[in-house]
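These are my notebook entries from one sitting with a structure. I wrote down what I looked up, in the order in which I looked.

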Amino acid sequence: MNNLFKIAIRNLLRYKRRTLLTVSLITIGVVFVLVFVSVSGSFKAMMIGQITDSMLGHVQIHRRGYVASIDNLPLNMNLKPQAFKKLEVILNSQRAVDAFSPRIKFGGMFSNFVETTNIRLNGVYPDREFKTAPLLTSRIIEGKKTLEKGEILIPVLLSRGMGVKLNDPVVIVTTNQDGSVNGKQFRVSGILESATGPGGRDGYIHIEDAREILRMPEMEVSEIAIRLKDFSKLNQYASQLSHLLATELNKQGKPIFEIHTWEKLSPFYNIARMIDVMTFFIKLMLIAIVLISIMNVMIMAVYERIREIGTIAAIGTPPGKILALFVIEGFSLGVLGAVSGGVLGGIILYFLNVAKISFNFGQQQGLILTANVRAADLLAISVTVIVVSVIASLQPAFKASRLEPIEALRHV
Amino acid sequence: MKEKSSMGLVIAEKLSKDYLTGEVVVRALHGVSFTIEPASFVSFIGPSGSGKTTLLNLIGCLDKPTAGQLTVAGADVASLSRKDSAAFRGANLGFIFQDFNLLPVLTVYENVEYPLLMVQNIPAEQRTERVHQLLEAVGMMEQRNKYPDQISGGQKQRVAIARALVTHPQLVLADEPTANLDSQTAYTVIDLMKKMRDELKTTFIFSTHDQKIVGEAEIIYQLTDGALVVNRNGGGKNHE
């Protein structure tokens, strides 16, 4: 085997320029794919992280039918106290759950005593909310990173638009489920950076304040956001949980709860899917590049060395070894291309990270792109290139092994 | 070496070979019969197109006869499969070509070693010993690390002789081994082949149309238009 490698490598070195060109072509392909996969993959992971960790959480549970009319923030679709308690018991016993946060979502009027506008609010338990959406605190660009009763976190657009500053007194006026109007004064404790996606421009108050303003005698919540310990097991856990919750029925015998992963709640999921499709096609192009370039160079190699093949066949070299000789040449080209592409791609990504390229995504500005090469991606790309190289050299190698020595020797 | 002195090493009986060129059947050999004894030094002579190469290809298991019987080293070579004939060639035959046909990517040493590695799988120690022995015998030890494009034609043919003999074959076939050499070098190469025959008792069969070196053979078969016309004993100075 070592000798086959030795001869194959020397044959590759014999046509240095051609080998270099082929390897360069594969290298360029690998670099493109690696950089694209890493950048788009990191972008996707980062955006998913932003969306789930600053607002949505990984999974949300609502009363059945709530999500269909989520834009109205209907108070009459809240989870009833009994259902909420039941759900808390279930979620507390789940090992996969890292944290969960009940929210009361409602719309109201926001006034600074001079002007009035609309606002969407989340009533939350601050500690539980910050655990479930850990990036929420990083969105607080002004003020303290906590939330007490009587305090409100307002979106930056509202603060700018109405000239509301930190510690300013504001009033929230809202209508409760029965239609009566109520108001409460708050102090602005923090300004929230906007985020892309549903709920990205919501304000936050303490859940007890929400109950008070909505005149809610018992705790009714609009949704429960859940953060999982292992995000990669999202779908597996979601189906497990929905199975579990399907047994909870109302008086009409219909399921009480509905469960959604972030994918169903955020339009970014379609962009993420699009990135996956693009990645797939880029990989397909790499396969085509490797296949055609290796096949081309190996067909040439066999054609140029027909007399040599005739000689070694006449001497008695078994056809299998002749086949192996050419397949190893293709394999070596693939390995060289994969390795140099991997190294060069790594260097380019390193400089991309050093350059701290920032981009804007919707309202979020200056997000810094950190492109990480995942070992699995690198391995998958390398293995693909090598396997395709071997496949591409099989046909020419097979032809070489089937050459009749007498005809090959006669070839000029 | 597996010598079979009781019978001929190569026995041809009414051997014929037809080729189809386009729609015309060309008879390259017809009804050729002969026997070659082990350790002999034989030459097939004749003008180009007389069937020398065809005959050598048949003996060398590179081609199959259209009719007749051909036994080489006790095997009916016409019945061998593609794979078996490769194995048979590797075990029993050595080849020397007109254009030397050394592998350009391998050094002199590696070219001689090639059949032991790729064809016969001989252990390293034995391999080194055999290669050294043959490189000494053909006088190419000093050039062992050179590549074929760094040595002369005569030297290349010496390396080719060493490569043909390294597997200890019973029979070495050489098709026009001196055609690309000047006459002085041609004599040296033929002498070397004869010397190797004497030392190793390997049978040598070579074809030539070069009248000057024909006399070096001990048994000469004349081929004319695909038929064996005369056979006569030639030089054989070194042969008892």
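Domain bounds, as I use them here, come from an automatic or database domain assignment. For chain A that assignment gives domain 1 (2–51 + 270–410) and domain 2 (65–255). I looked up the distance between the C-alpha centres of domain 1 and domain 2 of chain A, and it is 51 Å.

Ground rules. I number residues from 1 along each chain as its sequence is written, and chains are lettered from A and ligands numbered from 1 in the order in which they are written. The model is predicted, so local features need pLDDT of at least 70 and side-chain atom pairs count only at pLDDT 80 or more, while totals for chains, interfaces and linings use all residues.

Confidence. I noted that pLDDT is the predictor's confidence in each residue, from 0 to 100. Chain B has a mean pLDDT of 87, and 93% of its residues reach 70 or more. Residues 1–6 of chain B have a pLDDT below 50, and this stretch has eleven contacts in the model beyond near neighbours in sequence. I count a contact when the C-beta atoms of two residues, placed from the backbone, lie within 7 Å. The pLDDT is also below 50 over residues 235–240 of chain B, with nine contacts beyond near neighbours in sequence. For the complex, the predictor gives an ipTM of 0.89 and a pTM of 0.79.

Where the chains meet. I found 17 residues of chain B in contact with 18 residues of chain A. On the side of chain B that touches chain A, α2 (82–92) and α3 (108–119) of chain B each supply at least two residues. Helices (H or I, at least four residues) and strands (E, at least two) are DSSP runs, numbered from the N terminus. The largest share of that side, five residues, comes from α2(B).

Helix α4 of chain B. This helix (residues 124–137) has 14 residues and reaches 20 Å from its first C-alpha to its last, close to the 20 Å expected at 1.5 Å a residue. The expected span is 1.5 Å times one less than the number of residues. Which residues of α4(B) are buried? They are Val131(B), Leu134(B) and Leu135(B). These residues sit on the same side of α4(B), because they cover an arc of only 100° around the axis. The arc is that of the directions from the helix axis to the C-beta atoms. Buried means that 20 or more other C-beta atoms lie within 10 Å of a residue's own, exposed means 12 or fewer, and partly exposed is in between, with C-beta atoms placed from the backbone. The buried residues of α4(B) pack against α3 and α5 (153–165) of chain B. On the face turned away from the buried side I found the exposed residues Glu125(B), Gln126(B), Glu129(B) and Glu136(B). Just after α4(B), Gly139(B) takes a positive phi of about 70°.

Positive phi elsewhere. Most residues other than glycine have a negative phi. Leu73(A) is not a glycine, yet it has a positive phi of about 45°. I placed Leu73(A) in the loop between β1 (59–63) and α3 (81–92) of chain A. Asp225(B), also not a glycine, has a positive phi of about 50°, and it lies in the loop between β9 (219–224) and β10 (227–233) of chain B. Asp225(B) is partly exposed, because 14 other C-beta atoms lie within 10 Å.

Last entry, Val35(A). I found Val35(A) in helix α2 (residues 16–56) of chain A. Val35(A) counts as buried because it has 20 C-beta neighbours inside 10 Å. Not counting residues up to four places away in sequence, Val35(A) touches Gly345(A), Ile348(A) and Leu349(A).
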